[in-house]
Amino acid sequence: MTTPLALSDDTILLLGQFADTLDQQRPDAEMREEIRLARALVFAEQLHGPTEAAFAAEQDLLAAAPRVRHGQTRGEYAALLRLVARGVSAG
């Protein structure tokens, strides 16, 4: 997993929101890459509205949130997002 060297406050906030949502809504269901992509857009636009700042926040979130692995549950992915938000990285 590769993440930016320094995560912005917005990215850390969005990683947490993303993780919370996955834990609250069907954590045992399979996580899909499409969910990662869609949620990044939704969370960024909820934070900034449909603006250039939202686009930048979405791109930063996608850069920080690792791609989904086959068979990974939403809960497992949420735990991974929390680790990323804390600065944990597995090169």
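Predicted model: local features only at pLDDT ≥ 70, side-chain atom pairs only at ≥ 80, totals over all residues.
## Packing of α1 against α2

Helices α1 and α2 are oblique to each other. The axes of α1 and α2 cross at roughly 125° and come within 10 Å. The handedness of the α1 and α2 crossing is right-handed.

On the α1 side, the contact is formed by D10, L13, L14, Q17, F18, T21 and L22. The α2 side contributes I35, R36, R39, F43, A44, L47 and H48. By residue class, the contact of α1 with α2 contains 8 nonpolar, 3 polar and 3 charged residues.

## Packing of α1 against α3

Helix α1 spans residues 9–24 and helix α3 spans residues 52–64. Their axes cross at roughly 65° and come within 9 Å. That angle makes α1 roughly perpendicular to α3. The crossing of α1 and α3 is right-handed.

From α1, the residues T11, L14 and L15 take part, and they meet A57, D60, L61 and A64 of α3. This contact divides into 5 nonpolar residues, 1 polar and 1 charged. L14 is listed in the contact of α1 with α3, and L14 is also listed in the contact of α1 with α2.

## The nonpolar core

In soluble globular proteins, nonpolar side chains tend to be buried together. In this model, the largest nonpolar core has 24 residues. The members that touch the most other members are L15, F18, L22, M31, Y77 and L81. At least two residues of this core come from each of α1, α2 (33–48), α3 and α4 (74–85). Helix α4 supplies the largest share, 6 residues.

Among these members, L15 also belongs to the contact of α1 with α3, while F18 and L22 belong to the contact of α1 with α2. With residues up to four places away in sequence left out, M31 touches F18, L22, R36, V68, Q72, T73, R74 and Y77.

## R36 in helix α2

R36 is located in helix α2. Its relative accessibility is 5%, so R36 counts as buried, the cut-off being under 20%. When residues up to four places away in sequence are not counted, R36 touches F18, M31, L62, A65, P66, R67, V68 and Y77. F18, M31 and Y77 from this list are also among the core residues that touch the most other members. R36 is one of the α2 residues in the contact with α1.

A78 lies in helix α4 and is buried, with a relative accessible area of 0%. Apart from neighbours within four places in sequence, A78 is in contact with A19, L22 and D23. L22 also belongs to the contact of α1 with α2. A78 and A6 are 72 residues apart along the chain, and their C-alpha atoms are separated by 20 Å.

V84 is also placed in helix α4. Its relative accessibility is 1%, and V84 therefore counts as buried. V84 and E52 are 32 residues apart in sequence, with a C-alpha to C-alpha separation of 24 Å.

Note on methods. Residues numbered from 1 in each chain as written. Heavy atoms only, no water. Axes fitted to C-alpha atoms, helices over the stretch in contact; angles between N-to-C directions. Helix = DSSP H or I, 4+ residues; strand = E, 2+ residues; numbered from the N terminus. Parallel < 35°, antiparallel > 145°, perpendicular 65-115°, else oblique. Left-handed = near helix turned anticlockwise from the far one by under 90°. Contact = heavy atoms within 4.5 Å. Nonpolar A, V, L, I, M, F, W, Y, C, P; charged D, E, K, R; others polar. Core = buried A, V, L, I, M, F, W, Y, C linked by side-chain atoms within 4.5 Å. Buried < 20%, exposed > 50% of the residue type's maximum accessible area, 1.4 Å probe, protein only.
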